[in-house]
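Subject: Structure handover

Hello,

Here is the structure I said I would pass on. My notes on it follow below.

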Amino acid sequence: MEEVKNGEKLTLVTRKPCFGLPTACPTCLPVYIYLRFAQLPFDVEYNLIYPDSDQIPYVEFGSHVVYNNEKGGVIQSLKDEQTVDLDSDVSGIPEWVSTKAMVESWLAEAVMYELWVGSDGSSAQKIYYSDLPWPIGKCLYFKQIHMVKQLLGITKGNAERREEEIYRRAATAYNALSTRLGEQSFFFENRPTSLDAIFLGHALFTLHALPETSVLRSKLLDHANLVRYAENLKAEFVDADSSSSSVSPSRSDPSSSMPKRGPSNWSKS
Amino acid sequence: MAASFEDNSTGQPKDDALKSTAPARTEPEEDNDNDDDDSQEEDDDDEEEEEDDDEDEQPPLTRQARMQSDRAKMEALFRRLSTERVPVRVHDVLIKGNAKTKDSLIEAEVEALKTATTVQELLQAAGIANARLQRLEIFDSVNITLDSGPPELPGTANVVVEVVEAKNPLSGDFGIFSKPEARSWSLEGSVKLKNLFGYGDLWDGSLAYGWDQTSEISAGLSLPRFKGLMTPLMARISLLSQDWSKFSSYKERALGFSLGLLSSRNHDLSYNLSWRTLSDPSQISSRTVRRQLGHGLLSTLKYTFKVDRRNSPLRPTQGYAFVSTSQLGGLVPDYRSLRFLRQEFDLRYAFPLGLLNAALNFGISSGVVFPWGNGFLNRPSYLPERFFLGGNSSPVCTLGGPTSILGFKSRGLGPAEPRRQVGENSTTESADASSEMDFLGGDFAVTGFADLSFDIPLKVFRDAGIHGHAFACTGSLTSLTENSYREFSLTKFKESFRHSAGFGIIVPTKLFRMEVNYCYILKKHEHDRGKTGVQFSFSSPL
């Protein structure tokens, strides 16, 4: 778009940062990372009061807005409008397409399950509801759990079976990704693509935001090269050069600031 | 003696039995029987007799002679009542006819009767008590009777309150009303349940649907006297949904609970707790509105002070009125609920001009809203709580804060922001550029008007209540939050005023009150939605 090229700054609106991540919501983080990969300068603003909206994250430039619930998502819209397309070379490779599909379906489902159903909900409370008054937060939280269960097809009868299936698929996906990655820095063509953005977002969320007792987290920790991949890219693209992103909260200050963490010692519980 | 009493118990007319044995001791009792009359406390026809132990012994009389003597006694009593204060003490208050209603409720309403010291005071207090019981709306009829007290206590009276409870506790209502917040009129249906638990409780459920897709469903409870509190207690829960998409690109949904704490003629205090959600399904909102989409908890205390000395709320020709509304939000000790302070003033004055029943009405009203708490200088005010000017409501009739300037459409003036751009062409917009703007309201609003109303000098119009008026309105809406107050200056403020003037005809009918006005916009800003021309407006007939 002309505005972007003329130097008008992008603004990315996401959910709040915590757990050492620039934004802790698993749908927003990949968009943030994708913009970082593309080396586009952008501002970040936070929406702390609308946890059940599917419009967030969205990108504004000038009077144009790209919402996440339109045209296949923010990343896809940015690629379509040729604002920034990191996948121009790889989008034809069948393996790339199927790897991306696997990450977007199995791993996304696993994170959704773990965040809302599998764990004790403390992470979800902190990310989505810590800035809403208590009665509203509680109501929306229960409403969301119910919606996730419906989405994942979990009922009282098949709860255990579905849980086992979700974790099995996640483990299979990690295995495949670990094999595919090997010792490279990126999954394909040795440069970042939207697949890297999506998986990196997933990995950083699983490693940092989920509690230590999380089953999904322990499955990811089984693959050292994936963990190394996540940490290295985080240091290179996410933590470094934080001066280019200015943070300004929407409506109120986030209740927790980003804690600084050194190189982490990963331990499995 | 014993014999005569036994005779009485077998049903012989008491008078004859007493008369026939007629020793002096039974005389007072006989007199009692003659004097004992049930009486109404209503008007001059009321008969009211006091027990008079000192009455002289009377020889046996024929029926007609007795009536004459009664009438003479009555006239003597009335003479006494009109010339001197006749002392009396209320001995007992008896309540009859209430099967469901609690005694305590009725006793509380007739409390004042017990302290009456003269007959005149008693009659007055009884009239007031009757009116208050009728106002509870739970009885079909109320009768207060003054009776003589027990024979051994002279100078006393008993009060007998007879009520007939409403047979049908359920009643329904259906109508077309105009709400001050809504843009136009709404259809409202309500169902009332009276006196379910005997405390005078009034339960009601109502459903309202407005032409601008505002809809509200609510249920309420009103307790006239709850455990000795002086003022009625009212509680209400409601689910309200308003669609402002055409004006400001958002929809508002509010689930609220409100409690009326104090309600008297001049003062009103209420508490409101509501969960509000702003959403934008069309996804075309401007940046400011986008930032405000989401959930919020409002916990507010609202105090209204009102003095209305005008002779009519719809067509005032004399008097003044003053309303002050203060709202404090953010009381729940949860720092995340919305914190703001809102204050409105409204002053009206009307004076008659004599000719053609004409009157000049002046009014000025203003309002300001500001957030408080940490970082309040940088924070924006909450969008639905801002002031919006515009709409067709008549400034003469709507009392309470700055709301309307005739000639401008609803939410049609003030700070505006362009909406999200969809599509390729960025700069050239066809025809209606203002339809691409979101009106954001303002933090500081001032309106003023002058209105000259007069009768149309034709008998047929005058009888129907149709009258004409000429008016001039002005108003300004500015924003102060998010550091805009730093750019506030007197010249800019003067520049921000919009003006309009015009004349029209007002037609009050039984169903609604219609105004047909021709408005001429004297000054407006670039994006305002105001048009010179004829406009209609409808409001409730009151």
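Which residue forms a salt bridge with B:R498? In this predicted model, the partner is B:D528, and the closest N and O atoms of the two are 2.7 Å apart. The pair links distant parts of the chain, 30 residues apart: B:R498 belongs to strand 20 (residues 498–508) of chain B, while B:D528 sits in the loop between strand 21 (513–523) and strand 22 (533–539) of chain B. B:R498 and B:D528 are both buried.

A second salt bridge within chain B joins B:R342 to B:E385, with 3.8 Å between the closest N and O atoms. Here too the pair links distant parts of the chain, 43 residues apart. B:R342 is in strand 14 (residues 340–352) of chain B, and B:E385 is in the loop between strand 15 (359–371) and strand 16 (416–418) of chain B. Both residues, B:R342 and B:E385, are buried.

Chain B as a whole

Chain B has 542 residues, of which 43% are buried. Ten helices and 22 strands are found in chain B. If one takes the contacts in chain B between residues at least 6 apart in sequence, 57% of them join residues at least 24 apart.

B:V86 is in the loop between helix 4 (63–83) and strand 2 (89–96) of chain B. B:V86 counts as buried because its relative accessibility is 0%, and the cut-off for buried is under 20%. From B:V86 to B:S286 there are 200 residues in sequence and 77 Å in space, C-alpha to C-alpha.

Where chain B meets chain A

The contact involves 31 residues from chain A and 27 residues from chain B. The size of an interface is often given as the accessible area lost when the parts come together. For chain B and chain A the buried area is about 2,400 Å², and carbon and sulfur atoms give 46% of that area.

Between chain B and chain A there are 16 residue pairs in polar contact, counting pairs with both residues at pLDDT 80 or more. On the side of chain B that touches chain A, the elements giving two or more residues are strand 11 (267–279), helix 8 (287–292) and strand 12 (294–308) of chain B. That side of chain B is made up of ten charged, ten polar and seven nonpolar residues.

Over all chains, the count of salt bridges is 30. Across the interface of chain B and chain A, there are five salt bridges. One of the salt bridges in the model is between B:R287 and A:E45, at 3.2 Å from N to O. B:R287 lies in helix 8 of chain B and A:E45 in strand 2 (residues 42–47) of chain A, so this pair joins two chains. B:R287 counts as partly exposed, at 39% relative accessibility, whereas A:E45 counts as buried, at 13%.

Another salt bridge is formed by A:E60 and B:R290, with the closest N and O atoms 2.7 Å apart. These residues also belong to a network of salt bridges that links A:E45, A:E60, B:R287, B:R290 and B:R291.

Aromatic pairs and one histidine

For A:F37 and A:F237 the ring centres are 4.8 Å apart and the planes are at 80 degrees, so the pair is edge-to-face. A:F37 is in helix 2 (residues 29–37) of chain A and A:F237 is in helix 10 (residues 224–239) of chain A, so the pair ties together parts that are 200 residues apart in sequence. A:F37 is buried, with a relative accessible area of 5%, and A:F237 is buried, with a relative accessible area of 12%.

Ring pairs also link a cluster in chain A, made up of A:W116, A:Y128, A:Y129, A:Y141 and A:F142.

Lastly, A:H223 is in the loop between helix 9 (215–221) and helix 10 of chain A. A:H223 counts as buried, at 13% relative accessibility. Leaving out residues up to four places away in sequence, A:H223 touches A:Y174, A:N175 and A:S178.

Regards

Note on methods. Residues numbered from 1 in each chain as written. Chains lettered and ligands numbered in written order. Predicted model: local features only at pLDDT ≥ 70, side-chain atom pairs only at ≥ 80, totals over all residues. Heavy atoms only, no water. Contact = heavy atoms within 4.5 Å. Buried area = accessible area lost by both parts, 1.4 Å probe. Salt bridge = Lys/Arg side-chain N within 4 Å of Asp/Glu carboxyl O. Polar contact = N/O pair within 3.5 Å; in protein donor to acceptor, adjacent residues only side chain to side chain. Helix = DSSP H or I, 4+ residues; strand = E, 2+ residues; numbered from the N terminus. Nonpolar A, V, L, I, M, F, W, Y, C, P; charged D, E, K, R; others polar. Phe/Tyr/Trp six-rings, centres within 6.5 Å; stacked < 30°, edge-to-face > 60°. Buried < 20%, exposed > 50% of the residue type's maximum accessible area, 1.4 Å probe, protein only.
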